[in-house]
Amino acid sequence: MRQPIILSVVGHTNTGKTSLVRTLLRNSGFGEVLDSAGTTRHVETAQILIGRQAVIELRDTPGLEDSIALAEQLQQLESMDVSSRITLQAFVDAGVEHPEFEQEIKVLKQALHSDALLYVIDCREAVFAKYHQEIHILKKAARPILPVLNFINSDPAQLEQWRQALAEHGLHAQVSFDTVAFDFEAEYRLYQKLQTLLEAHYQTLQTLIDHRRQQWLELQSTCTQRIARCLLNCAKLRVATRENTAEPESIEYLRSHARALEQTCLTDVLELMQFSATDVALTQLPVSNGQWQLDLFSPQTLKNLGLDTASAAATGAAIGAGVDILFAGISLGAATATGAALGAAWHGSKRFGKELWQKLQGRTFICLDDTTLDAVLLRQLWLLSTFLQRGHAAQSQAIMSNEKKLKLPPGWPSQRQALRRAGASTGQDQEQVVTEVGNWLQKALTNT
Amino acid sequence: MVSTFNNTCWPLVTLSFQNKIEVEQIRALEENGHALVARFDSEQCPSFDAWLVARTNALKQQGAVQAALQYAPALYSRILLSVGFLLTLLGIVSTGSLLSQAQSTLNIFWLLGALLGINALSLFIWMVLAANFRNSSGGVIPAIAHQLMIWLIPSGQDQSYKSAASRVWFTAQLHPQFHHWYLGRLAHLAWSFFLLGNILGLLLLFATRQFDFVWESTILSADTFIQLSQWLATPLQWLGLTTPSEADILRSGTAAVLPYSGELRQQWALFLIGCLAIYGLLPRLIAALVCLGLEHRGRRQWKLDLSLPYYRQLQRQYWPSTTQSAVIDPDHSQPVEPKQPSEVSIAERPVPTDAHWLGLELHPQLPWPGFESPAYLGQITDSQSLHSLSARISELNTPVAIAIEANKVPDRGLQRNLRGILVHCRHPWLALIDNGNVSDSKWQNWIETAHTLGFADTQITRIKVMSK
């Protein structure tokens, strides 16, 4: 089995090293992330696998806290006859003599034994002398260094200064990678840049890039299919009630089932994206402990989603278009004309027999109205788009803004109609519609 | 049922339909509360798919699982064989019935029409409909077929294993991606059996009875029949069969030319049977093969929905995309209990008016008025500035306020610089610059650091500035 590429994640304290590892691993449980110096005091490692093969080993190191003093120490050891790498190794070997640099020695030890270094930079910081010293020291390990520019959205001018400073150190290959606002393309570029730095591992990294891209696309597809199934199940919900006035218990039945369906979908999507209920609670989404905080049927929810609150109750709409639904689910298929007629009668009686029976008893069926389905769609789409852009290290709050009204994606009415029709149709038709609506959702997500 | 396996894992490129169904059947069993495996390890598996198949194969070694998985296909095979046999029998009987009333003279083209007419019509309808299958999302026939299959599923508490596995098997046969071709194949095979019965029936009758063959028409000419007969006989001639010649066909035009020769009877009998095989049975078999090919293509394209929570759980448990994290260079220092961030309040105390100001790693763009103050000495960013400013401070008798951004973490480098200044400073103040984005934990860190460095609370102040 081939040895994995060893990447040590290094940098000044509190720049987001552990966050980078969390995001690359898609694991919010890796290490500890706190808003204070020296949170990571040991070297922790985890491997990225393709199948059973470890491709990359990421080593999270403690932060470099006092590079100026460290540089002075190293300067004393340096001599003209010995390479910088040997000097660094000697300093690491004599670690017990420098207890004040215990953390830095851990970093240097990893730097010496890695294939490459990911040097994480907090771009909100000015380019102080200590950072120049850090780069200077790390270069002594004679390993390729890829600067990872974190927190890139705060100050473009500052970012440019960092780029310039890194270029002056000969570090022209750089990558912008915000560990909180995740962008798959940034991760893609990170591995691409590593390809240029690690020629011997080019093909391994290409395999990893391809694998990651496939996983990313599959994840999106899986999530949209899951949401499509939730929408279908909501569209299928129906309950018998009095013909003229919906009974409260019937309405409650609809509501509770719709809530349960939406809740299960939320849990599944979070699970698929490897976020836990705790992650969501941290963000103060309208979700707490894995539960939507605002009720699906609350007028505030509809208002937040920019939906028409005139339909207010969002309780249910009577199934009125019986004929339409009856024939919508029927296609001739392989049937002969006679078969189709017989089949239609059979199919119709199976689907609408209960409704006709209720009708004879002076009762009718109600289902979720369009506004409720719209609300379910928008909430799930928003959740998905938010989490697709969320790194596994993100701890800040993502708040659903009331000002920014969400818009129903174009083409939704016809998809909604297809879902309603499929709800009245066979299992096979339903599977087909779930696939189609899932594909449509993926396109809508891309446009969002 | 709990077992531990370490099974061989074959390197599978793609899963066969059989593999996929069996994996799905195992899912159905486990989701229906049948705990089959507590642990399954196979380090040799090249992919998760292959691992699933290996696991399924291992589980099949359990008798009850094997029986449950094989119940539906075995039942289905028995039903298919029985139906095939019945249809063949029906074909024989219908041929016998068709010819039972006939005298010893048979009208060739009437008999061909009777035997092939309905078959040809239904084949034509199927072909027309097949052209639209791509746009058809479902249909009544698949729905009825599905319902029929569901009726075959055994019910009852003691049958729960078989029931769960059989439901999956039957549903998979009628997956929307290929159910049209699957049902089409069944229909063509059914017709094939029936036509085979017809052929067998004819053979039986021709073997035991003697018929003379004629063609008759009121409005069609003899040339038409000759051409039609020769055109129909062409494929038979390619197969080396002797068919009636033009003269023979002309001779068979009316009953008046009788008596027949034995050779001509044989030629017409072979012509009839051959036409039934070539124009009835063969197209049906070809159509069945086409359906089979398209069905297989659909089956290959059908993928397991690995996004289902069941598979995700298995994948996470046995096939993770990352390894568990491990500490390879531990911290040997005394572990510090993480403190719960509490709300810290630092007063905005007025700094003495005669104080000098010193910056410590302040961002050049920080909107802090102190930069412009005549009492501002400069800022420490490296060893050189630390030495030069320390020398200057040591000459001062006035208080020195050290300004530092509170949203920085007080790392060892900053603390060393602070200590370096404090050695030379007689009346130090710590001015923490608050841009409004400082977390409670950072305030707490700074208070603790300040106390460690010897600052009294009265020497610490907060300066509010606008965010950068």
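**Legends to the close-up views**

**Thr224(A) is found in helix 8 of chain A.** Helices (H or I, at least four residues) and strands (E, at least two) are DSSP runs, numbered from the N terminus. Thr224(A) is buried, with a relative accessible area of 1%, where buried means under 20% relative accessible area, exposed means over 50% and partly exposed lies in between (1.4 Å probe, protein chains only). When neighbours within four places in sequence are left aside, Thr224(A) is in contact with Leu384(A), Gly438(A), Leu441(A), Gln442(A) and Leu445(A), contact being heavy atoms within 4.5 Å.

This is a predicted model, in which local features need pLDDT of at least 70 and side-chain atom pairs count only at pLDDT 80 or more, while totals for chains, interfaces and linings use all residues. Residues are numbered from 1 along each chain as its sequence is written, chains are lettered from A and ligands numbered from 1 in the order in which they are written, and side-chain values use heavy atoms, with hydrogens and water left out.

**The largest nonpolar core has 73 residues.** A nonpolar core is a set of buried Ala, Val, Leu, Ile, Met, Phe, Trp, Tyr and Cys residues joined through side-chain atoms within 4.5 Å. The residues with the most contacts inside this core are Leu58(A), Leu118(A), Tyr191(A) and Leu194(A), and helix 8 (residues 202–236) of chain A gives the most to it, with 13 residues. Leaving aside neighbours within four places in sequence, Leu118(A) is in contact with residues including Leu7(A), Val10(A), Leu20(A), Leu58(A), Leu146(A), Val148(A) and Leu194(A). Another core, of 33 residues, lies apart from the largest one, and among its members are Tyr131(A), Ile137(A), Leu159(A) and Leu166(A).

Most residues other than glycine have a negative phi. Ala142(A) is partly exposed, with a relative accessible area of 48%, whereas Glu361(B) is buried, with a relative accessible area of 2%.

**An open sheet of five strands in chain B has the order 7-6-8-9-10, with parallel pairing.** Two strands pair if DSSP finds at least two bridges between them. Strand 7 and strand 10 of chain B stand at the edges with a single partner strand each, so one side of each is left without a neighbour in the sheet. Neighbouring strands of the sheet are turned by 25 degrees against each other on average, direction ignored. Strand 6 and strand 7 of chain B run parallel and are joined by three bridges, with Gly359(B) having Gln379(B) in strand 7 as its bridge partner. Helix 12 (residues 383–393) of chain B packs on the sheet, touching strand 6, strand 7 and strand 8 of chain B, and its direction makes about 150 degrees with that of strand 7. Such angles run from 0 to 180 degrees between N-to-C directions, and axes are lines fitted to C-alpha atoms, for helices over the stretch in contact.

**Strand 9 (residues 428–434) of chain B is mostly covered, seven of its seven residues being buried.** Pro428(B), Leu430(B), Leu432(B) and Asp434(B) point one way from the strand, while Trp429(B), Ala431(B) and Ile433(B) point the other way. The β-α-β crossover from strand 9 through helix 14 (residues 440–452) to strand 10 of chain B is right-handed, which means that, with the strands pointing away from the viewer, the path from the first strand over the helix to the second runs clockwise. Strand 8, helix 13 (residues 412–422) and strand 9 of chain B likewise make a right-handed β-α-β unit.

**The axes of helix 2 (residues 48–59) and helix 11 (residues 309–318) of chain B come within 12 Å and cross at roughly 100 degrees.** Helix 2 of chain B is therefore roughly perpendicular to helix 11 of chain B, given that angles under 35 degrees count as roughly parallel, over 145 as roughly antiparallel, 65 to 115 as roughly perpendicular and the rest as oblique. Phe48(B), Trp51(B), Leu52(B) and Arg55(B) of helix 2 make the contact with Tyr310(B), Tyr311(B), Leu314(B), Gln315(B) and Tyr318(B) of helix 11.
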